[in-house]
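Here are some notes to keep beside you while you look around this structure for the first time. Take them in order, and turn the view as you read.

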2 protein chains.
Amino acid sequence: MAERRKAFPTTEELRIWRDFIETTEALRSELASRLQSESSLSPSDYAVLLTLREAEGRSLRPSELAARIGWQRSRLSHQIGRMERRGLVRREECATDSRGAEVVLTSDGAEAFRDASLPHLRAVHELFVNPLTPGQLAAAEEITTALRTGLKAPRDT
Amino acid sequence: MAERRKAFPTTEELRIWRDFIETTEALRSELASRLQSESSLSPSDYAVLLTLREAEGRSLRPSELAARIGWQRSRLSHQIGRMERRGLVRREECATDSRGAEVVLTSDGAEAFRDASLPHLRAVHELFVNPLTPGQLAAAEEITTALRTGLKAPRDT
DNA sequence: CCCATATGATTGACGCGTCAACAAAGGAAG
DNA sequence: CTTCCTTTGTTGACGCGTCAATCATATGGG
């Protein structure tokens, strides 16, 4: 007689799930709020600036930028629009492909990133690294891996 | 000589952090997407319906509802507005306090919740409970607790 | 060369969340 | 009763994200 696969969480598992998701959510939100108040950047702004800063010539094609951050092009386009209005970034035409564009980091953008960087790292340390024991940190890594695997498999059952 | 407290994450810790936050984010987003496609409800809709369903008389004052879910009143107000337009919920005047209102679950709302419930639980099981070993699940709970403690303390150091 | 289609990028509509401002009513103190 | 403060709830503006539609340019097949 084959073992029947369980399909639903128990009450206990459900409680753990809710606590887990609410806590990570609160963590994200606290990080975002600190980043915002310390440097007027959103996490999305930060991700874009970070990626551009590490790119050849401090500029990238939108598609490439989106791919590196793991966003859809549409999301990036909106984001760049907002950042351009604030002068963090500039759009230029692409020489080799007339459809294309080039997103360039401005000096204001680079400066904003520099200012945000240390406070941001400090916050990560204070809110994530510090509260966890080394063992818990390692466990967090394992859990991440396991969950990612579960996400990649759009499996039935 | 007192030990100097570390202030910043190492490269390794930073990598774990990024993986962790990205994965939980992807998890949230996948859950939301399934809920949406299976029942046309957002996680926020679901939370409101769930809370109302368990409430005395299937209705609550907005403040109380917001408190139970852990939201700000403003957020709830917007949410209720959208849900009211879709007929999931109804606003009534409050008898005992003329400032106040009462949010009432409609039968459409109750039905939508019933339809969403099982698929949602199945998704939680498939994406969270199933990929983790029992030990990892327990570890997740510990980590949640530790992180929550870190969040509650707006401490220096 | 010409058409079909693929690719790069943007746009608009809409849901979601935060913040700050506000209106309206309750309640306590004089 | 009047004044002041609190509580309840809503609103508007704006950033953020997704989805579907759109447009222009590349590109490969005839």
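**Notes for a first look**

1. Let us begin with one residue, S44(B), which sits in helix α2 of chain B. Please keep in mind that this is a predicted model. With a relative accessibility of 18%, S44(B) counts as buried, because the cut-off is under 20%. Leaving out residues up to four places away in sequence, S44(B) touches W71(B), R75(B) and Q79(B).

2. Now to the two chains together. The same surface serves both copies, with 100% of the contact residues of chain A recurring in chain B.

3. Next, the interface itself. Here 52 residues of chain A are in contact with 53 residues of chain B. The two chains bury about 5100 Å² between them, and 71% of that is on carbon and sulfur atoms.

4. There are polar features to find here too. Six salt bridges are found across the interface of chain A and chain B. For an example of a salt bridge, look at R15(B) and E141(A), whose side chains meet at 2.8 Å, N to O. Ten residue pairs are in polar contact across the interface. On the side of chain A that touches chain B, α1, α5 (107-129) and α6 (134-152) each supply at least two residues. The largest share of that side, 19 residues, comes from α1(A).

5. The aromatic rings deserve a visit of their own. Over all chains, the structure has seven aromatic pairs. One of them is F20(A) with F128(B), a tilted pair at 5.2 Å centre to centre and 40° between the planes. F20(A) lies in helix α1 (residues 11-39) of chain A and F128(B) in helix α5 (residues 107-129) of chain B, so this pair joins two chains. Both F20(A) and F128(B) are buried. A single aromatic cluster takes in W17(A), F20(A), F128(A), W17(B), F20(B) and F128(B).

6. A last stop is T144(A), found in helix α6 of chain A. Is T144(A) buried or exposed? T144(A) is buried, with a relative accessible area of 4%. The side chain of T144(A) reaches the backbone oxygen of A140(A) at 2.8 Å. Apart from neighbours within four places in sequence, T144(A) is in contact with D19(B), F20(B) and T23(B).

Notes
Residues are numbered from 1 along each chain as its sequence is written. Chains are lettered from A and ligands numbered from 1 in the order in which they are written. This is a predicted model: local features need pLDDT of at least 70, side-chain atom pairs count only at pLDDT 80 or more; totals for chains, interfaces and linings use all residues. Side-chain values use heavy atoms; hydrogens and water are left out. Contact means heavy atoms within 4.5 Å. Rings of Phe, Tyr and Trp (its six-membered ring) pair if their centres lie within 6.5 Å; planes under 30 degrees apart count as stacked, over 60 as edge-to-face and the rest as tilted. Helices (H or I, at least four residues) and strands (E, at least two) are DSSP runs, numbered from the N terminus. Buried means under 20% relative accessible area, exposed over 50%, partly exposed in between (1.4 Å probe, protein chains only). Buried area is the accessible area (1.4 Å probe) that two parts lose on being put together, summed over both. A salt bridge is a side-chain nitrogen of Lys or Arg within 4 Å of a carboxyl oxygen of Asp or Glu. A polar contact is a pair of N or O atoms within 3.5 Å; within protein, one must be able to donate a hydrogen and the other to accept it, and residues adjacent in sequence count only if both atoms are side-chain atoms.
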